[in-house]
Each structure stands twice: as structure tokens, then as C-alpha cells.
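Trainee: I would like a close look at how one part of this structure is packed. Please take me through it step by step.

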Amino acid sequence: MKAFRNLCIAAFAGFLILGAVLNFVLIRQSKAMNGQYRVEAKRLADAISETGSYDPADYPHITGVYSGDNLYESDESYVIIEAGGKLYRAEYKPGNTASAIIAVNVVLGLMVLLVCLAYAYIWKNIIRPFGKLNNVPQELAKGNLAVPIPEQKSRFFGKFTWGVNLLREKIETDRQKELAMQKDKKLLLLSLSHDIKTPLSAIKLNAKALAKGIYTEEEKRRSAAESINKRADEIEHFVSEITRAASEDFMRFEVKQSEVFLSRIIEKINARYAPQFSLSGTEFIIEKYDDCILSCDSDRLGECLQNLIENAMKYGDGRRVEICFDKMDGCELITVTNTGCTLEAKELPQIFGSFHRGSNAENIRGNGLGLFICKRLMALMNGEVYAEIQDNCFCVTLVVKLA
């Protein structure tokens, strides 16, 4: 805000300086014009004295020369000159610099007024509302989700404040979900740890009995061994539950199924990545496609495509990335292909697992969640995703149902 005020002061001072300079120039010009007709009047008097005549073309500022009884009667501006012992009235047209000065000052005044009005409008509708929102991002970053966000009805910040409020609500919702998930996990772990103690105690008792030779009969020893095996199976089941909770429930996804044109999604992808590929020198090809209506969550499908393209940029050789299309059994097949695949075919079954990174991911930053997220999202949208390697190219296909 202080910088804006300084800018306003500087602009106002600039207009004042400009007005002063223009007025100074016009006044100097006016004086110069007034001096010009005096010079011509003196030359005219000399010419009449010497030759008794004059050529009007030689005196552009003199409009007429008169003598006689009514020497001093004229409505025009004039100067009296003496030539050859006789008085003459030399009329001239004065420069209209006064009106020019007034016009310049009026125009400058109007410009100053318009600029002031523009600055006032900007201050009221942009600078001041933005100043009220200035500390909101910092507060949100600190975790203060209760920071007040003033509502704005202006067309400049109305949508922005609405979006910030949506962001705050989304962060709050995600926080609540995370807390609920952590609570559920703690309850699950406590419950499973309690349930594990029972079969574990039975295993320990039977193991001690077998170690001390308490069971002398073969049938009892076999029964104890079977009991140990059964309890071990129970523990294995509990461990599987813990593994499943740790590997699958750490991220929750929501989709809003709707109908969307394929072209709308592809246009967004092209607008986002075409300039980036152009700068990097990568050939980015989007094949021709028949526009159709897809049954999906457009934002989530766009997220899947972004993950695939980001992977193509990271793990490909940078020569070509291509998006192809096909139709099969009431579904639209969208395939993202990149050249320079170094992944081994035997790794394909594992690439959609959480935190899995292929052998080609060495020295490349990532967390191994991109394809996992794609698989989960496509499943929630009643679709599918699969990968294959063709001619040293890595191809990932999204199968999206048609509406």
C-alpha cells in the first residue's frame, strides 16, 4: 500500500512538472512571436524610408500598413512606425498563445483528474481489498484455518476470496479426515495388538509344553503342534490386516462422477504441457480423436493424465511423448506413450503398487505414488489402467467408460 501511495505521489508530481515545462515553453514562444512582429515593423520602416515602397510578402506577421488622419483608429493590434518623416500604422496579428496555454492547462487538468479517479478506483477495488487478504496465506500456512476472510463482491476479488474460502474448507476437511484416519488406525492397531496376545499366549504355552516334554503321547504332541499352527495363522491374518491398513488406507480418494466431453480434458492438458515440451525440445503429439462424452470425474481424470505425462517427462528420453485414442466395448482408451523406456517387462505387475519405484528410477526424485493414485482413481470411476512396453516405448492406457 505504501508503494502505491508513493506511485500516486510520483505520478501527480510528474504531471505538475510536465505542466510547468509546457507553460514555460508556450510563454517563451509567445514572447518570441511578439518580438518577431517588432523586428518586421522596424525592417518595414527602413524599407519605406529607403525606397518609398515595400513588398508585403517580406513581412508575414504584418497584416497591413496605413497612414492618414485616422492613424490611431483600428480594431486590430498595431504599432506606429516612422518612415521618411511620416507616421504609419502597421497592423499585425498577435500569436494566440494565451488560448493555447489555457487549452494545455485544461487538458493537463483533465488528465490529472482522470488519473486520480483511476487511482482512487484501483485503491478502492483492488489495493485495499487485497491488503485485507495479505496475511491470509501466511495464516493458512501456519495452520490457522479460522483466519477471517472478508467477502468481496467486486469482480476483481470476489472469485478469489470465494476460492480461498473453498481452499480453507478443503484443508479443514482434509485435516478432519486425517485425524479420523489416524484415530481409526490407532484403534485398529490397539484392537489387533490385543487380539494377537491371545493366540501368541497359546503358542508360547504349547511351545513350552513341547520343549519340556510334558506331552508324552504322540496324539497330544500333534494336537499341540496343530494348535500352534492354527494360532500362527491367526497372527498372520492380523499382520495382513495391519499391512493392508498401512499400505492402502493412508490415502483416501473421492470422485464426483459426471459427464464431460473428452475435448475439454485434452485441451486443458495441451494448454498446460505444450509450452513446456516446446521449451525442452520434446515432440508432443496429440493424435486426432473423435470427441465423445465420458462418464468420469473430469478433475480426477485430468489428474491421472497429468501423472502419466509427468512420469513420461521424468523417465523417458525426452524425444517424444504421445497421447493416442481408441474405442473398445463402450470405453474410451487414452494411451500416453513415451520413448526411451528402460523399465524391464518383469516389473510391470508391480508398478501400480504404493511406494513402488522401478529399476529405472535411480537418481530420479519421486515417491512411487503416481501410478498407484491413477489405479485407485480409475477404479473409483469404474475404469481401469494398464501398462505395457512396445518397441522400447512405455505405454500406459486409461480405460474410461463412455456416457
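**Around the largest nonpolar core**

Mentor: The protein has eight helices and ten strands in its secondary structure, where helices (H or I, at least four residues) and strands (E, at least two) are DSSP runs numbered from the N terminus. This is a predicted model, in which local features need pLDDT of at least 70 and side-chain atom pairs count only at pLDDT 80 or more, while totals for chains, interfaces and linings use all residues. Residues are numbered from 1 along each chain as its sequence is written, and side-chain values use heavy atoms, leaving out hydrogens and water.

Of the 403 residues, 33% count as buried; buried means under 20% relative accessible area, exposed over 50% and partly exposed in between (1.4 Å probe, protein chains only). Contact here means heavy atoms within 4.5 Å. Among contacts between residues at least 6 apart in sequence, 64% join residues at least 24 apart.

Now to the part itself. The largest nonpolar core holds 42 residues, and Leu294, Leu301 and Leu398 touch the most other members. A nonpolar core is a set of buried Ala, Val, Leu, Ile, Met, Phe, Trp, Tyr and Cys residues joined through side-chain atoms within 4.5 Å. Two or more residues come from each of helix H6 (262–280), strand E6 (293–296), H7, strand E7 (320–328), strand E8 (331–339), H8, strand E9 (384–390) and strand E10 (393–401). Apart from this core lies another, of 15 residues, including Ala41, Ala47, Ile62 and Ala83. As background, nonpolar side chains in soluble globular proteins tend to be buried together.

Beyond its neighbours within four places in sequence, Leu294 contacts Ser258, Glu259, Val260, Leu262, Ile265, Leu301, Glu332, Val400, Lys401, Leu402 and Ala403. Two of these, Ile265 and Leu301, turn up again where H6 and H7 meet.

The axes of H6 and H7 come within 10 Å and cross at roughly 25 degrees; axes are lines fitted to C-alpha atoms, for helices over the stretch in contact, with angles from 0 to 180 degrees between N-to-C directions. H6 is therefore roughly parallel to H7, given that angles under 35 degrees count as roughly parallel, over 145 as roughly antiparallel, 65 to 115 as roughly perpendicular and the rest as oblique. Their crossing is right-handed: a crossing is left-handed if the near helix is turned anticlockwise from the far one by less than a right angle, and right-handed if clockwise. From H6, Ile265, Ile266, Ile269, Arg272, Tyr273, Gln276 and Phe277 meet Ser298, Leu301, Gly302, Leu305, Gln306, Ile309, Glu310 and Met313 of H7. These contact residues divide into nine nonpolar, four polar and two charged, with Ala, Val, Leu, Ile, Met, Phe, Trp, Tyr, Cys and Pro counted as nonpolar, Asp, Glu, Lys and Arg as charged, and the others, Gly among them, as polar.

H7 also packs against H8. The axes of H7 (residues 298–315) and H8 (residues 370–380) come within 9 Å and cross at roughly 155 degrees, so these two helices are roughly antiparallel, and the crossing is left-handed. H7 brings Arg300, Leu301, Glu303, Cys304, Asn307, Leu308 and Asn311 to this contact, and H8 brings Gly370, Leu371, Ile373, Cys374, Leu377 and Met378.

Within H8, the buried residues are Leu371, Phe372, Ile373, Cys374, Leu377 and Met378. Leu371 is also touched by Ile351, along with Leu343, His356, Ala387 and Phe394, not counting residues up to four places from Ile351 in sequence. Ile351 lies in the loop between E8 and H8 and is buried, at a relative accessible area of 7%. Its C-alpha atom is 9.8 Å from that of Tyr386, 35 residues away along the chain.

On the strand side, Thr337 sits in E8 and counts as buried at 10% relative accessibility. Leaving out residues up to four places away in sequence, Thr337 touches Arg320, Val321, Glu322, Cys393, Phe394 and Cys395.

Finally, look at two loops. Most residues other than glycine have a negative phi. Asn382, in the loop between H8 and E9, has a positive phi near 60 degrees. Asp329, in the loop between E7 and E8, has a positive phi near 50 degrees and counts as exposed at 74% relative accessibility.
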